[in-house]
Amino acid sequence: MAAKVHPNLAVPSLIQPPMAPPAAMAAGDSVVMKKAAAAAAAAGGDVVLTVWRKSLLFNCRGFTVFDASGDLVYRVDSYAADSRAEVVLMDAAGVPVLTVRRKKAIGSQLGLGGDQWLVHPGEETRLPPLYAVKRTPQYVRGGGSGSGKTMAHVAPCGVALGAGGGYEIEGSYLRRSCAVYDARRRAVVAEVQAKEAVGTDVFRLVVRPGMEVSVAMAVVLALEQMFGKPSLLRSWSS
């Protein structure tokens, strides 16, 4: 039975409360979103999103993301025939926030293990990326034990270098149980959590102070391509 999701689509929310400095903010973030970021940082609260592995558009694949009030905050939509190497994360109004582009490794023998997923501001992939997400070679594809195993690294690039270090991701995306640590592994700044009794197509993304919300969602898109079974996105960048 398909999981039921009940969004409040009539009043979309554009509020994503990130923690990163303005230099590392995505180019597509609105002024309202940036003001909300400062307010959330002061409050020190977590952001809890519900992620649905389904596009709301007919004949599209992708993701639909809701906030704790049930309002639409992010979208990923692509038609089945789309074979581009980029995946665009949009806000509720369809404005590009970040683009995740797969950079293939030289040599087919490396497979997915040698590839990187570059996170660009807005939809401008000609600009330097903000982050690079790379799967760790020792991680077994599909999830592993889900405990004490680093599955991917997120390294800052370009202007994001001023925001501090990168992130490490542990756990199992296949089981929807992942923890994102800061560069020094002193704190968990985001988590992917399974939702009870709804399968794996609907899960939680909890983002804590220390990580920008749209970057956390971009990391989810990269993990989907690396470890999803079946992946909704991998054919876009194969």
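What follows is a briefing that goes from the whole chain down to single residues.

Please keep in mind that this is a predicted model. The protein chain has two helices and 12 strands. Along the sequence they come in the order α-β-β-β-β-β-β-β-β-β-β-β-β-α.

**The chain as a whole**

- The protein chain has 238 residues, and 51% of them count as buried.
- Among contacts in the protein chain with a separation of 6 or more, 43% are between residues 24 or more positions apart.

**Strand 6 and its partners**

- Strand 6 covers residues 116-121, and five of its six residues are buried, so the rest of the structure largely encloses this strand.
- Strand 5 runs antiparallel to strand 6, and six bridges join the two.
- Across this pairing, Arg102 stands opposite Trp117 of strand 6.
- Strand 6 also pairs with strand 7, again in the antiparallel sense, over four bridges.
- Here Gln116 has Lys134, in strand 7, as its bridge partner.

**Aromatic pairs**

- How many aromatic pairs does a search of the whole structure find? The search finds two.
- One of them is formed by Tyr131 and Tyr167: this pair is tilted, with 6.2 Å centre to centre and 40 degrees between the planes.
- Tyr131 belongs to strand 7 (residues 131-135) and Tyr167 to strand 9 (residues 167-172), so their pair ties together parts that are 36 residues apart in sequence.
- Tyr131 and Tyr167 are both buried.
- Tyr173 and Phe203 also form an aromatic pair, which is edge-to-face, with 6.2 Å centre to centre and 85 degrees between the planes.
- This pair links distant parts of the chain, 30 residues apart: Tyr173 is in the loop between strand 9 and strand 10 (177-182), while Phe203 is in strand 12 (residues 202-207).
- Both members of this pair, Tyr173 and Phe203, are buried.

**Charges over rings**

- Tyr173 has a further neighbour to look for: the charged end of Arg176 sits over its ring, 4.3 Å from the centre.
- Another arginine, Arg185, lies over the face of Tyr181, at 4.5 Å from the ring centre.

**A loop residue**

- Ala93 is found in the loop between strand 4 (86-91) and strand 5 (96-103).
- Is Ala93 buried or exposed? Its relative accessibility is 56%, so Ala93 counts as exposed, since the cut-off for exposed is over 50%.
- Ala93 and Tyr74 are 19 residues apart along the chain, and their C-alpha atoms are separated by 8.6 Å.

Notes. Residues are numbered from 1 along each chain as its sequence is written. This is a predicted model: local features need pLDDT of at least 70, side-chain atom pairs count only at pLDDT 80 or more; totals for chains, interfaces and linings use all residues. Side-chain values use heavy atoms; hydrogens and water are left out. Buried means under 20% relative accessible area, exposed over 50%, partly exposed in between (1.4 Å probe, protein chains only). Rings of Phe, Tyr and Trp (its six-membered ring) pair if their centres lie within 6.5 Å; planes under 30 degrees apart count as stacked, over 60 as edge-to-face and the rest as tilted. A charge sits over a ring if NZ of Lys or CZ of Arg is within 6 Å of the ring centre and within 35 degrees of the ring normal. Two strands pair if DSSP finds at least two bridges between them. Contact means heavy atoms within 4.5 Å.
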